[in-house]
Amino acid sequence: MTESVTEPTAGLAPGSPPGTPAVPQQRPGGDGHEATALLERARAAVDPVMRAAIGSLPGPMRRVALYHFGWEQADGTPAAGGAGKAIRPALVLAAASALGGPAARAAAARAAVAVELVHNFTLLHDDVMDRDTTRRHRPTAWTVFGDADAILAGDALQALALRLLAEDTHPAAPAAAARLADCVIELCAGQHSDTAMERRAPDEVTLAETLAMAEAKTGALLGCACAIGALYADAGDADVEALDAFGREAGLAFQLIDDVIGIWGDPRRTGKPAGADLAARKKSLPVVAALTSGTPEAAELAVLYAAPHREEDDLQQITLAVERAGGRDWAQAQAADRMARAMQEVARAVPDPERAGGLLALAEFVTRRST
């Protein structure tokens with residue numbers, strides 16, 4: 001997953017019917033600048049701690065991690081690449097601030113780093129399992145260093161995350177560590193479901209199980225980030241769970257838009273080849289929605305998806321079939337619905353819109369990206 005602030009449909013191929021929202025309507029006055037500022041602050045807060053933690057790794061794993069984060073080239077020379085947009089640490093800090101103010105936000109910095117390290121552990125492993133060759137506009141770590149080194153570097157990042165929380169003296173650290181560990185288990189279960197679904201025939205996968213898989217793979221960590229921020233603000237159980245639900249719903253919206261971009265996005269902006277998920281016959285949410293639509297186009301798509309990838313014309317034909325069977329429209333409408341649910345959840349924990357502004361701005365940001 002990659003993120004970038006943009007207009008709702010920027011970077012997507014034209015063709016959405018008039019009136020079909022890609023994402024929910026923006027809050028009055030919200031233009032992305034607030035989210036961008038929050039992300040910049042989060043990156044400034046987490047990078048020094050993360051660099052120090054990664055610097056403690058043994059040489060081979062440190063080299064892979066520094067390359068993955070865009071801080072070094074493959075040969076070890078410095079690089080000016082980005083380490084991602086820091087959505088998840090920004091959510092930790094925004095949740096802590098919303099419920100506990102600046103002091104809670106400052107106290108949650110190490111926890112925010114832990115969440116970002118876990119996120120990047122999953123990216124390293126997912127790239128190996130999915131055989132993805134590009135991330136953040138450069139070759140993925142496994143293509144440069146090999147499978148074993150990429151997997152071991154990911155393992156090390158997860159261990160660093162738990163060590164940061166183990167060494168944190170804040171009273172919320174033990175609960176945060178337990179929650180993050182549970183989240184990693186859920187992430188692994190979601191990835192297992194994803195890979196198992198890829199081995200099944202197109203007509204054997206349901207939309208409900210695909211949504212559940214997406215929540216485990218994407219929503220779980222965003223929910224965990226928000227919940228950990230609430231823990232560092234000494235919030236009550238109900239507020240912690242409400243923010244977890246907020247993050248999960250926003251995460252599903254995130255994944256829905258990400259899947260749309262994976263099919264119809266502009267590779268010059270995404271940094272990934274067009275139609276890569278279709279070529280791999282990934283059962284993404286728009287594809288499964290199209291396959292289960294009960295339309296004649298769904299039957300056509302099932303035949304196309306059951307055949308191995310052959311050539312570029314094949315991808316164009318599948319893309320058109322997904323759209324004609326309603327997959328794109330469904331995903332965009334579902335993303336809007338999930339964002340509406342997310343707004344309801346955050347209002348339970350933080351009724352004051354001013355205090356909740358950071359969380360709302362970040363939630364809007366993740367569904368307005370095109371790269």
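Visitor: Which residue just after H8 takes a positive phi?
Guide: Asp 234 does, with a phi of about 60 degrees. Most residues other than glycine have a negative phi.

Visitor: What kind of model is this?
Guide: It is a predicted model, in which local features need pLDDT of at least 70 and side-chain atom pairs count only at pLDDT 80 or more, while totals for chains, interfaces and linings use all residues. Residues are numbered from 1 along each chain as its sequence is written, and side-chain values use heavy atoms, with hydrogens and water left out.

Visitor: What is the average pLDDT of the chain?
Guide: The average is 88, and 89% of the residues score at least 70. pLDDT is the predictor's confidence in each residue, from 0 to 100. Over residues 1-30 it stays under 50. Where pLDDT is low, the predicted coordinates should not be read in detail.

Visitor: Why is Arg 136 called buried?
Guide: Buried means under 20% relative accessible area, exposed means over 50%, and partly exposed lies in between (1.4 Å probe, protein chains only). Arg 136 has 18%, so it counts as buried.

Visitor: What makes His 137 exposed?
Guide: Its relative accessible area is 53%, so His 137 counts as exposed. His 137 sits in the loop between E1 and E2. Helices (H or I, at least four residues) and strands (E, at least two) are DSSP runs, numbered from the N terminus. The phi of His 137 is positive, near 65 degrees. Arg 136 also has a positive phi, near 55 degrees.

Visitor: What does helix H3 span between its end C-alpha atoms?
Guide: It spans only 18 Å, whereas a straight helix of 21 residues would span 30 Å. H3 bends by about 145 degrees at Gly 100. The bend at a residue is the angle between axes fitted to the seven residues ending there and the seven starting there.

Visitor: How many residues of H3 are buried?
Guide: The count is 15 of 21, and H3 is mostly covered. H8 is mostly covered too, with 20 of its 26 residues buried.

Definitions and conventions. Contact = heavy atoms within 4.5 Å. Expected span 1.5 Å × (residues − 1).
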